[in-house]
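Try each one before you read its solution.

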Amino acid sequence: MELLDRLVEKGLRREPPTRDEALAVLATSDDDVLDVVAAAGRVRRQWFGRRVKLNYLVNLKSGLCPEDCSYCSQRLGSTAGILKYTWLKPEEASEAAAAGVAGGAKRVCLVASGRGPTDRDVERVSRTIETIKERNEDVEVCACLGLLSDGQAERLRAAGADAYNHNLNTSEATYADITTTHTYADRVETVGRARTAGLSPCSGLIAGMGETDEDLVDVVFALRELDPDSVPVNFLIPFEGTPLAKEWHLSPQRCLRILAMVRFVCPDVEVRLAAGREIHLRTLQPLALHLANSVFLGDYLTSEGQAGRADLEMIADAGFEVEGAGTTTLPPHRAAAGGCGGSHAHAPSGADAAATGEAAGGCGGAAGCGSVCGPSAEADVTADTGGTERAGDAGGAGDGTEADAPGAGSRPRPDLVAVRRRGAGTEVAPNA
């Protein structure tokens, strides 16, 4: 296919596709999906080989959020039967993180519900980061605490944080349709604060909330302008008790097309397969490894994920290898610029700051941080997905025809959505 040949050539040169080309990827048919995966897989292998980075999520504070993000089970007014608890102690969070590291996680994501941290919260998380680093010196720590105010990113960086996640989630044009208690611009500003403080920016999206192809392309191009080191791709988890509980738009093929489009637009960036993959990709999850070079393993914030052991077996069976702690994740040209997995010194200056700083774009999590991980001998059970970094799952149907329109997706599978009942905040061993 001429389109795919052209996109591969551009991706190998780190040249972005046009907006029309990105839309054309989403409009390809199910008959062509393997060709799309093969083409985007060439770009993925050029910059990341066959390595898969593992990430592990620790939910520091669950539920009780005053924000009204429609996709989130922790939102104001949610009746989802999720775990609710206040801040984990630093030692408790460190124990939870250790389970993920033992399972192979290279990055630990520390997430807390809420609009944004108070200065006291930042101090609490700083102590948690220090405790984790004392126990696991080489592990990357990404914080996802919501909107940041002056000086908070710098304090997190001083405590040892390597990255900060804050997702854009959807296009600027439709952002107010999913959240009214803060703005798209607020998210952009927080990503800029994190970058300026020297934290590696992590920002992604949620697919499956009823958005159009144009919305998906708009948010991914906005992320390219923002230039994060990692881009988590979440697929909406339609939790009962949330406004988007009936939004089931995604098929496995649709999810693969979305991931391929993200890879073509962001060829040399860490693309993370995040929340909702088990629900929407299902048996086609191994194909997604040809597109994403990073995954959340184990459970998410409020939902359970596939058994960690099954994830590791999937990676091996698909011919990929888990990225070691001593390996730099990003390609040399990005790592040299200070990307996470490189020097971690990511503060831009001069023209770089003008091009990629606060005016660029926002970030988030919907499981944003982009990392949760690990297999566990103690909890080798099948799990569901919950949302990472305030993420959600996404949905989309799938053949570039009317089936891709919002509301015309795959058959609803609420039976696949399982609320997390183990790990952080419980007495049950984590899935890691």
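**Exercise 1.** Work out what share of the chain's contacts with a separation of 6 or more comes from residues 24 or more positions apart.

*Solution.* Start with the term: a contact means heavy atoms within 4.5 Å. Residues 24 or more positions apart then account for 81% of the contacts with a separation of 6 or more. Before going on, note that this is a predicted model, where local features need pLDDT of at least 70, side-chain atom pairs count only at pLDDT 80 or more, and totals for chains, interfaces and linings use all residues. Residues are numbered from 1 along each chain as its sequence is written, and side-chain values use heavy atoms, leaving out hydrogens and water.

**Exercise 2.** Decide whether Lys106 is buried or exposed, and list what it touches.

*Solution.* First, find Lys106 in the loop between α4 (90–102) and β2 (107–112). Next, apply the cut-offs: buried is under 20% relative accessible area, exposed is over 50%, and partly exposed is in between (1.4 Å probe, protein chains only). Lys106 has 6% relative accessibility, so it counts as buried. Finally, leaving aside residues up to four places away in sequence, its contacts include Lys53, Glu140, Glu323 and Thr328.

**Exercise 3.** Classify the aromatic pair of Tyr175 and Tyr184.

*Solution.* Rings of Phe, Tyr and Trp (its six-membered ring) pair if their centres lie within 6.5 Å; planes under 30 degrees apart are stacked, over 60 edge-to-face, the rest tilted. The structure has two such pairs. In this one, the centres are 6.1 Å apart with 70° between the planes, which makes it edge-to-face. Both Tyr175 and Tyr184 are buried.

Definitions and conventions. Helices (H or I, at least four residues) and strands (E, at least two) are DSSP runs, numbered from the N terminus.
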